[in-house]
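Have a look at the sequence and the structure first, then read on.

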Amino acid sequence: MPIRANVLTFDWKALGDKMQFDVILMDPPWILQTKKMTRGVEIMYEQMPENDIASIPLNFVQKDGYIFMWVVAKEFSNGLRMLELWGYEVINTIHWIKTSRKGIYFPSNGYYLLHTKETLLIGVKGKGVEFMRHDQFNDLLVQPRNIRQSHKPNRLYRMIESIFPNCKYLEIFARPHNLRKKWVSLGLEIPR
């Protein structure tokens, strides 16, 4: 179910009254640059200050469950603080190692250094999820970069669905290229 909405003005309480989610996935639009171009890379989406990201009232949509949140290197400590602020215990990370189509490590742009990996923080809140398949978890994803900027690995969705089968999934800051069946996808770039 795609929902086109601004996460800052969205009625989280109304959604939480209708449905509680077992798993939340989010790729916040961290502020990566203050000028139009950064080291040859132009950000093609609206960025959001960390205080705005932290203000999302996740407590309305998840009392017990897991969160997966992408963090850029310079926002790693802020990501940890946000998860704790929202009531999660940080329990693990997943690293996505970016490769070329031929399987060679493929660094991408970064402000100070080239980046060959991205990090996903994992947190648990309350009782977690009643049924979880631990054997399906892998803390390392090795997959080629996608062509679209900020397009994350498709294998992650399949892994989440395997770890937490038949659960209720929510993606925050979803974009058209990552809409999936069985997921509620919420974001400003969702098609009308």
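This is a predicted model: local features need pLDDT of at least 70, side-chain atom pairs count only at pLDDT 80 or more; totals for chains, interfaces and linings use all residues.

## Helix 3 and its neighbours

The buried residues of helix 3 pack against helix 2, strand 5, strand 6 (89-99) and strand 7 (117-125). Packing here rests on contact, meaning heavy atoms within 4.5 Å. Residues are numbered from 1 along each chain as its sequence is written, and side-chain values use heavy atoms, with hydrogens and water left out.

Which residues of helix 3 are buried? In this helix (residues 76-85) they are N78, G79, M82 and L83. They sit on the same side of helix 3, because the arc they cover around the axis is only 135°; that arc is taken from the directions from the helix axis to the C-beta atoms. E84 and L85, on the other side of helix 3, are exposed. As for the words, buried means under 20% relative accessible area, exposed means over 50%, and partly exposed is in between (1.4 Å probe, protein chains only). Just after helix 3 comes G87, with a positive phi of about 95°.

## Two nonpolar cores

Now for the inside. A nonpolar core is a set of buried Ala, Val, Leu, Ile, Met, Phe, Trp, Tyr and Cys residues joined through side-chain atoms within 4.5 Å. The largest one has 28 residues, and L58 and W86 have the most contacts inside it. At least two residues each come from helix 1 (12-18), strand 2 (23-26), strand 5, helix 3, strand 9 (169-172) and strand 10 (183-187). Strand 5 gives the most, with three residues.

What does L58 touch? Leaving out residues up to four places away in sequence, L58 touches I24, M26, I67, W86, Y88, K125 and I172. There is also a second, separate core of 21 residues, which includes V23, Y66, L120 and Y157.

## Aromatic pairs

A pair of aromatic rings is described by the distance of the centres and the angle of the planes. Rings of Phe, Tyr and Trp (its six-membered ring) pair here if their centres lie within 6.5 Å; planes under 30 degrees apart count as stacked, over 60 as edge-to-face and the rest as tilted. By this rule there are five aromatic pairs. One of them joins F10 and W12 edge-to-face, at 5.1 Å centre to centre with 80° between the planes. Both F10 and W12 are buried.

F68 and F164 make another edge-to-face pair, since their ring centres are 6.2 Å apart and their planes are at 80°. F68 lies in strand 5 and F164 in the loop between helix 4 (154-163) and strand 9, so this pair ties together parts that are 96 residues apart in sequence. F68 is buried, at a relative accessible area of 2%, and F164 is buried too, at 1%.

## Salt bridges

Side chains of opposite charge can pair when their charged atoms come close. The cut-off for a salt bridge is a side-chain nitrogen of Lys or Arg within 4 Å of a carboxyl oxygen of Asp or Glu, and the count comes to three. D17 pairs with K13, their closest N and O atoms being 3.2 Å apart. These two are four residues apart in helix 1, which means they are separated by about one helical turn. D17 is exposed at 59% relative accessible area, whereas K13 is partly exposed at 43%.

The side chains of E161 and R180 also meet in a salt bridge (3.2 Å, N to O). That pair links distant parts of the chain, with E161 in helix 4 and R180 in the loop between strand 9 and strand 10, 19 residues apart. E189 forms a salt bridge with R175, with 3.1 Å between the closest N and O atoms. E189 is in the segment after strand 10 and R175 in the loop between strand 9 and strand 10, 14 residues apart.
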